[in-house]
Amino acid sequence: MKFIITQLLVLYLTTISYAVDEYADQCSQQTCLSLNIDEIDISKYINGTDEDRNEIALLFDKSFHNYGIVRLINHQVSSTNELFDKAKEFFSLDLKTKMNYFVDEFFGYKPSGSTSVANYNGEKKTTLSDSVECFLSLLDQYDNLPTEFQSIVPKYMNETKSVINSIHQIVDMALELDEDNSITKNYTNHDKPRFTLRIAKYLPNEQKINFGAHKDYLGFSLIENDHVSGLEIEVNNRWYQVIPKPNSLLLIGGEFIERWTNNYWISALHRVSSVTEPRYSAILFTAPDLSKIIDVLPCKKCLENHSSKKYEPVTGYDHLQSRDKAQAFNSNDDE
C-alpha cells in the first residue's frame, strides 16, 4: 500500500511539474511577468547636450545587448490615433473588397490565415495559421492605397521614418562606428532603403497564440499598438508580456541587427498571445537597399567575444525571401 501511495505521489508530482513547464512556455497575458523596458527620450537626444546623448547611447547599447528592446518617449509621432481610426474602417470592409488590394507576398492586403510566422526560419514549429489580417505599404509608393489610408499612411510613415533616422545616429554612437561604416551610411548611401509599414488587426480566437514566436527579418522595427495587450518578448528562455504605454513606441531589432553586430546585440524573439478583443498595431520595418550585402560591421564591441564572424554575408533580398517563403501558411502541410 505504501509503495502504491509513493508511486501515485511521484506520478502526481511529475504531472504537476510537466504542467508547470508546459504552462510557462504557453504563458498568457494574465500570468506572464511584465518586462521592465528601458526608456529612451528621443527629444532629449535631439535637443540635449553631448552628455545627454552619450548617456542615451550607453543605455541603448546596454538594452540591446541584454534584451533587444527599448521604449521611445517624446518621439513627435502625432498621427497614431488617426491611423488606427482609419485601420478600423478599412478592416471592417467585407473580405472581397479588401482582397482587391492584395498585391503580392510583400505588399497590400493579407487576410487572416495566410501565414504561420513561427515557421519563419524554416523549422516547422506549428501547423496553425496566424489569426491576424494586415495591410503592408512601402514608403513613397502610395498609388494603390485604399481610400481609408490615402492621407494618413504617408504622414505616419514620414513621421516614423524621422524617428528611425535619429535611432540610426544613436546606434552609430553606441557601437562607436566611424562615418564610413555607420548604420546611417548603410541606409543613406544607397538608392532604395526599405521602409515598410504593416498595419494589423489581431482577431479574437480560441488559439493560445494569435501570432507565432519569431524574430523580425530586417533592421529595426518601430512598433505602436492600441490599449490592448498581447505582445510578449522572450528573455533568457522565459516569456514576458509588454504592457502598452500611451504615447510611446517600442523598438526591437530584426535579424540584420544580429548580423551587423555579430550577435553582440539581440534580435528579440517575440509573439502575440491570444486576445479577447480586436487588437490594432502599426509596425515600421526598416532595411537598407535589399541588394546590399549584410555583413558584420567593423565594431570592436561586436568582435570582442567572437573573434570570427558568426554569419556568412547575404544580400538583404535573399534573406527576406527565404524568411517570407518559410512563414507562408500551407494548409496542405503534414500534421
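Beyond its neighbours within four places in sequence, Glu148 is in contact with Lys86, Glu89, Phe90 and Leu93. The model is predicted. Glu148 lies in the loop that runs between β5 (132-138) and α6 (152-174). The residue is buried, yet Glu148 has no salt bridge. The nearest side chain of opposite charge belongs to Lys86, 7.9 Å away. A salt bridge would require a side-chain nitrogen within 4 Å of a carboxyl oxygen.

Strand β6 spans residues 194-202 and is mostly covered, with nine of its nine residues buried. In a regular strand, side chains alternate between the two faces of the sheet. In β6, Arg194, Thr196, Arg198, Ala200 and Tyr202 point one way. Phe195, Leu197, Ile199 and Lys201 point the other way. Residues of both sets are buried.

A further sheet is open and contains five strands, in the order β1-β10-β9-β12-β7. Its pairing is mixed. The edges are formed by β1 (33-34) and β7 (209-214), each of which pairs on one side only. Inside this order, β9 (residues 231-235) and β10 (residues 238-241) pair in the antiparallel sense over four bridges. Glu232 stands opposite Gln241 of β10.

How values were computed:
Residues are numbered from 1 along each chain as its sequence is written. This is a predicted model: local features need pLDDT of at least 70, side-chain atom pairs count only at pLDDT 80 or more; totals for chains, interfaces and linings use all residues. Side-chain values use heavy atoms; hydrogens and water are left out. Helices (H or I, at least four residues) and strands (E, at least two) are DSSP runs, numbered from the N terminus. Buried means under 20% relative accessible area, exposed over 50%, partly exposed in between (1.4 Å probe, protein chains only). Lys and Arg count as positive and Asp and Glu as negative; His and the chain ends are not counted. Contact means heavy atoms within 4.5 Å. Two strands pair if DSSP finds at least two bridges between them.
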